[in-house]
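Here are a few notes from a colleague to read alongside the model. They take the ligand site and then some ring pairs.

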Amino acid sequence: MARRPLVAGNWKMYKTVEETRRYIDQLVALLDGELGGPNLPELALCVPFTSLAAAVERVGGRPIAVFAQNMHHEPEGPYTGEVSAPMLLECGCSGVVLGHSERRTYFGETDRALALKVPAALAAGLTPILCVGESEAQREAGETERTLRHQVGEALSGVADDQLERVVIAYEPVWAIGTGKRATAEQIEEAAFFIRALVEARSHRAAERLRILYGGSVSEDNAAELFELQNVDGALVGGASLDPQRFAAIARSARG
Ligand code: PGA
């Protein structure tokens, strides 16, 4: 079963509306004629809430999806500072990053909250990119698989088996994020294989179709190797996605 690769840029808290417009114009110019073609992966930009509408408008119907970086599980309610799935949809957003390690570390995001957010995103028609990954201490203690089992198991506990294939899982070891220290091909394939086996235990069909990305210090110099890995179907790119030239180069390395 061939899975279509996905390369998603996670902008984090970078870029104003004006910077968003400029970036998209540059990216579109760089990939002119190739967008939507068989030589590029599916592309998504995960932008700050304030840039969502401008990004969708600037993309202008071209095949570059616009994703958010978080959402609340309720459609509306007294939750100051939060944004819901229907609000994202109205902006033209088609997916959302959930459970990024920065949200877990700095904003108290829990696996329990993710168990509500992932099904809420799916029910709204959004594609969730669920981020999981072990810390350096967990890896050193030999707890990588235990950590992944817990994170994946809990976050997907409220998703029906026949909906699992719509989830994208990003394996992002915390020690590789923003450090310039990408995990090795062996470490990545081992974790992706393990994650796919966790999904397999619930649904064979979903395990064949669900996409697993790698994230953590992906660059134009080390991306091509990722796309060779059997269980890796793309990348979630932080720092290198902030520059349209670098992001375009990474996208091109996924071709074929
Ligand atoms: P990085 O970030 O590519 O800058 O390491 C990845 C991420 O946080 O998704």
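1. Before the count, a word on the classes: Ala, Val, Leu, Ile, Met, Phe, Trp, Tyr, Cys and Pro are taken as nonpolar, Asp, Glu, Lys and Arg as charged, and the others, Gly among them, as polar. Sorted this way, the shell around the ligand has seven polar, four nonpolar and two charged residues. Please keep in mind that this is a predicted model.

2. Which residues are the closest to the ligand? They are Lys12, His100, Glu172, Gly178 and Ser217, out of 13 residues that surround the ligand.

3. On to the polar atoms. His100 has a polar side-chain atom 2.6 Å from an oxygen atom of the ligand, and for Gly178 a polar backbone atom lies 2.6 Å from a ligand oxygen. Asn10 places a polar side-chain atom 3.5 Å from an oxygen atom of the ligand. The ligand has 280 Å² of accessible area on its own, and the protein covers 95% of that. The space that the ligand takes is the second largest pocket.

4. Now the rings: there are three aromatic pairs in the structure. One of them joins Tyr106 and Phe107, which is edge-to-face because the planes stand at 80 degrees, with the ring centres 6.4 Å apart; planes over 60 degrees apart count as edge-to-face.

5. Are Tyr106 and Phe107 buried or exposed? Tyr106 counts as exposed, at 61% relative accessibility, and Phe107 also counts as exposed, at 55%; the cut-off for exposed is over 50%.

6. Tyr171 and Tyr214 form another pair, with ring centres 6.3 Å apart and planes at 55 degrees, so this pair is tilted.

How values were computed. Residues are numbered from 1 along each chain as its sequence is written. This is a predicted model: local features need pLDDT of at least 70, side-chain atom pairs count only at pLDDT 80 or more; totals for chains, interfaces and linings use all residues. Side-chain values use heavy atoms; hydrogens and water are left out. A residue is near a molecule or strand if one of its heavy atoms lies within 4 Å of it. A polar contact is a pair of N or O atoms within 3.5 Å; within protein, one must be able to donate a hydrogen and the other to accept it, and residues adjacent in sequence count only if both atoms are side-chain atoms. Accessible areas come from the Shrake-Rupley method with a 1.4 Å probe; for residues, only the protein chains shown count as cover. On a 1 Å grid over the protein atoms alone, a cavity is a set of points where a 1.4 Å probe fits but cannot get out, and a pocket is an open set with protein on both sides within 12 Å along at least five of seven lines; lining residues have an atom within 4 Å of a point. A molecule sits in a cavity or pocket if more than half of its atoms lie within 2 Å of its grid points. Rings of Phe, Tyr and Trp (its six-membered ring) pair if their centres lie within 6.5 Å; planes under 30 degrees apart count as stacked, over 60 as edge-to-face and the rest as tilted. Buried means under 20% relative accessible area, exposed over 50%, partly exposed in between (1.4 Å probe, protein chains only).
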